[in-house]
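Hi,

Here is the structure I promised to pass on.

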Amino acid sequence: MKRVAILISGGGSNMVALAESMAGDHPARPVLVLSNVPGAGGLAKAEGMGIPTALVDHRPFGKDRAAFEAALQAELDRAAPDILCLAGFMRVLTEGFVTGWAGRMLNIHPSLLPKYRGLDTHARAIAAGDTQAGCSVHEVTAELDGGPILGQARVPVLPGDTPETLAARVLTMEHRLYPAVLHRFAMGDRRPVMLP
Ligand code: GAR
């Protein structure tokens, strides 16, 4: 069994989708949900699912990202995961941390990468007049939202869409895409998953 730690900052709906998928003959199991935000909704959800949780609040570390990441790493060392899944984890990780997890860390991003790295992806897709939007799961490298793509899912951008309505449509696909990619990745298969 592969051991999976899921890093979150918010509501954790992708975390729930991932955790629920790791059952039965799935080759992985969730061993830790780690948040950098006290009170993040996903922490209570993980506790409700019986998954160990940890909190490493980034704020006391100020600008000292290396110290924050050392605290993250200490929690990860305790749980000994094989794979890290970033699922709405809203801190940029340093090259040193990323290098230590090279080939073992995944992220979901709410755009069709390489389009719209960074924030406000849905507003940018609407402003550009895109007719399609979506989400991507990629390996994490030191380049922000830039690692090899392991899966993508597309949705239409509809007339009258706001960033919120488009985000909700994309999020339902995130919940299908991320578990599909993790399943394949945990089997050692890095061919991209393309949905629908
Ligand atoms: C998701 O839409 C995810 O793609 C996005 O945050 C949301 C988290 O929702 N991630 C990023 O924007 C990363 N830069 P969740 O907490 O309900 O899974």
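A quick definition before the notes: I call a residue buried when its relative accessible area is under 20%, exposed when it is over 50%, and partly exposed in between (1.4 Å probe, protein chains only). Bear in mind that this is a predicted model, where local features need pLDDT of at least 70, side-chain atom pairs count only at pLDDT 80 or more, and totals for chains, interfaces and linings use all residues. Residues are numbered from 1 along each chain as its sequence is written, and side-chain values use heavy atoms, with hydrogens and water left out.

Now the salt bridges (a side-chain nitrogen of Lys or Arg within 4 Å of a carboxyl oxygen of Asp or Glu). There are seven in the structure, and here are some of them.

R169 pairs with D161, at 2.7 Å from N to O. D161 has a relative accessible area of 11%, so it counts as buried.

Then there's R190 with E139, at 3.0 Å from N to O. This one links distant parts of the chain, 51 residues apart: R190 is in the loop between α6 (163–186) and β8 (193–195), while E139 belongs to strand β6 (residues 132–139). (Helices, H or I with at least four residues, and strands, E with at least two, are DSSP runs numbered from the N terminus.) E139 is buried, at 11% relative accessibility, whereas R190 is partly exposed at 43%.

Finally, D189 and R191 form a salt bridge at 2.7 Å, N to O. D189 is partly exposed at 22% relative accessibility, and R191 is exposed, with a relative accessible area of 55%.

Cheers
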